[in-house]
Amino acid sequence: MLVGYVSDERYLAIADVLLEFTTAAGPVVARSTATGAVYADLPPGEYPVALVKTGYGAKRTTAAIAEGVPFLFRLLSDGLLGYAWPKWVRSGESSEFRVHADEAYQLSLWRYGLRKELVRPLGWFDEHGPRATVQITPDGDYTQTGVRWNHFGYASPHHKQYVAAPEASGLYYFHAETESGRFFSFPWIVAPSRPQAKIAVLASNISWNAYNNFGGRSNYIHPDQLPPTPTLNARQELKRYTDAQFSQYACRDYAPLSFERPEPICHIPQQTQATDPIAGRAACHLAPAEWRLLAWLEREKFAYDYYAETQLHFDALPLDDYQVLVLSTHPEYWSQKMYDAVKRWVQERGGRLVYLGGNGLNCDVEFLDEQTCIYRNEDERADSPAGRPYESRFHRRHESEANLLGVAYSPLGIMTAAPYQVIEDGHWVFAGTGLRRGDLFGRRSLHERIPGGASGHETDKITDSSPPNVRLLAQGMNPDQGGAQMILYPTDQGAVFSVGSICWPSSLLVDEAVSIITANVLHRFLEPRSGSLA
């Protein structure tokens, strides 16, 4: 009978895997078919199983075989991957580096600011026993539970691989390089033990997790749950390719996604510098693009403290100790708790919010614990009780993010990029640029996925939910009236400035006007709270 399927870390079917089941009557041997299916003459029950295939880590597991319920065997392909756990800490706290390698590797820690700076080498790590640096993944859907690397083979405290976070807050990367020259880098967010600067910058790590499909699921690939069979050919099997009416957010219940997984989408090549173009599809809106903002802040001498969004949710970011909070690139997913805390800080206690991204705060996230969350993707296209469509998924469950950001995402102009056009040229944000009404700026960008300018990829606009005192300063020139709208509105002693574009941080280092405008905003927002910010 069909007893299970074998798949890899992308939930792709693996053919010709040799399986040996241990039974009271002796071993039962089987091989997986082209679809990854495993057929064996076994009565229902639990069996020790050994799985072997060249190019993958062999492993032993225990399989619960039940008729009509195929067991999901998972193997990990040979290669080089890693992640720090926890992925976000405060200075002085420790994380464990969890690396998967099929050969000896060298590890080092780097800080990513204007330049990559070596913090310290961490040493060489090799096999001891044969292939002992190869990790083991759980069976089933470990996108929900985490991959639990180092769970096996690290029982002794001498085997634990911990690193204490440096004193300086910032974005750090571990560099892993093997004897044969393979390279993989993975991020580590280090917040200060106590606030050091007046500016706090949020890493959009909830978005990093949403787009991470390691294990076969993300919030875009099988967002509800893994299908019962692994994928053989995505173009022929995934609904996003086979169903013209496909809506990936067409259900109400979504399985959770764990942060405890490698994030290949945040890898940055070894030779890449902050001023280099951003190559790749995901890199242009996740950690590699956010790094460009941090590099610009350091170039322009703005001191900042760096935090994960998850640290804001779990009360590890003391907002009242900061004058300015900066959101970067693509902070699409926030919890209601995060939103309400920042909104109160801005609108009641004089906080200054600088939103330098696009499609932000668009969807509500529910945390189950510090490593797992559910992305609440209820389709926003249904009419609200007021008789008009919801402006976002977040609006459907809480309120429109435009109440805080002044703008909200709409699909007009999606996957295009263009410069901005000045609308209110006398405003202080344009001081020193020489720009006049109708002039274009933001022509240059490091964003290679959607080249064309600072307004792009995904863009936000003023909506019916925007505060009534929003001032429209500039408009992206994207087609179909899809350009980002740069806005500012003051609150009691505070203010919000929004650019409404994913591409903006990719222009900071290479476009003079984008740089000057952003610096003008930060300088003004850092002034004493008695001055006008209108």
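Where is the place of Arg-131? Arg-131 sits in the loop between β12 and β13 (162-164), where helices (H or I, at least four residues) and strands (E, at least two) are DSSP runs numbered from the N terminus. This is a predicted model, in which local features need pLDDT of at least 70 and side-chain atom pairs count only at pLDDT 80 or more, while totals for chains, interfaces and linings use all residues. Residues are numbered from 1 along each chain as its sequence is written, and side-chain values use heavy atoms, with hydrogens and water left out.

**Backbone features in loops**

- Arg-131 has a positive phi of about 55 degrees although it is not a glycine, and at 34% relative accessibility it counts as partly exposed; buried means under 20% relative accessible area, exposed over 50%, and partly exposed in between, with a 1.4 Å probe and protein chains only.
- Arg-148 is also found in the loop between β12 and β13, with a positive phi near 60 degrees in a residue other than glycine, and its relative accessibility of 40% makes it partly exposed.
- The peptide bond from Trp-85 to Pro-86 is cis, with omega near -5 degrees, and Pro-86 lies in the loop between β8 (80-85) and β9.

**An open sheet**

- An open sheet with mixed pairing is formed by 5 strands in the order β9-β15-β14-β11-β12, two strands being paired if DSSP finds at least two bridges between them.
- The edge strands of this sheet are β9 (88-90) and β12 (116-125), each of which pairs on one side only.
- From one strand to the next the twist averages 25 degrees, with axes taken as lines fitted to C-alpha atoms, for helices over the stretch in contact, and angles running from 0 to 180 degrees between N-to-C directions.
- Strands β14 (residues 170-178) and β15 (residues 183-191) run antiparallel and are joined by 8 bridges; Ala-176 has Phe-184 as its bridge partner in β15.

**Nonpolar cores**

- The largest nonpolar core has 133 residues, of which Phe-441, Phe-497 and Trp-504 touch the most other members; such a core is a set of buried Ala, Val, Leu, Ile, Met, Phe, Trp, Tyr and Cys residues joined through side-chain atoms within 4.5 Å.
- Helix α4 (residues 287-299) gives the most to this core, with 8 residues.
- Not counting residues up to four places away in sequence, the residues that Trp-504 touches include Leu-356, Tyr-420, Phe-441, Met-486 and Ile-517, contact meaning heavy atoms within 4.5 Å.
- Another core, of 19 residues, lies apart from it, and among its members are Val-6, Tyr-47, Ala-63 and Phe-71.

**Helix α6**

- Helix α6 (residues 336-349) has 14 residues and reaches 19 Å from its first C-alpha to its last, close to the 20 Å expected at 1.5 Å a residue, the expected span being 1.5 Å times one less than the number of residues.
- The buried residues of α6 include Met-338, Tyr-339, Lys-343 and Trp-345, and just after α6 Gly-350 takes a positive phi of about 80 degrees.

**Cysteines**

- The structure holds 0 disulfides, a disulfide being a pair of cysteine sulfur atoms within 2.5 Å.
- Cys-266 is in no disulfide, and its nearest cysteine sulfur, that of Cys-284, is 13 Å away; Cys-266 is buried, with a relative accessible area of 0%.
- Cys-363 is likewise in no disulfide, the nearest cysteine sulfur, that of Cys-373, being 9.5 Å away, and at 0% relative accessibility Cys-363 counts as buried.
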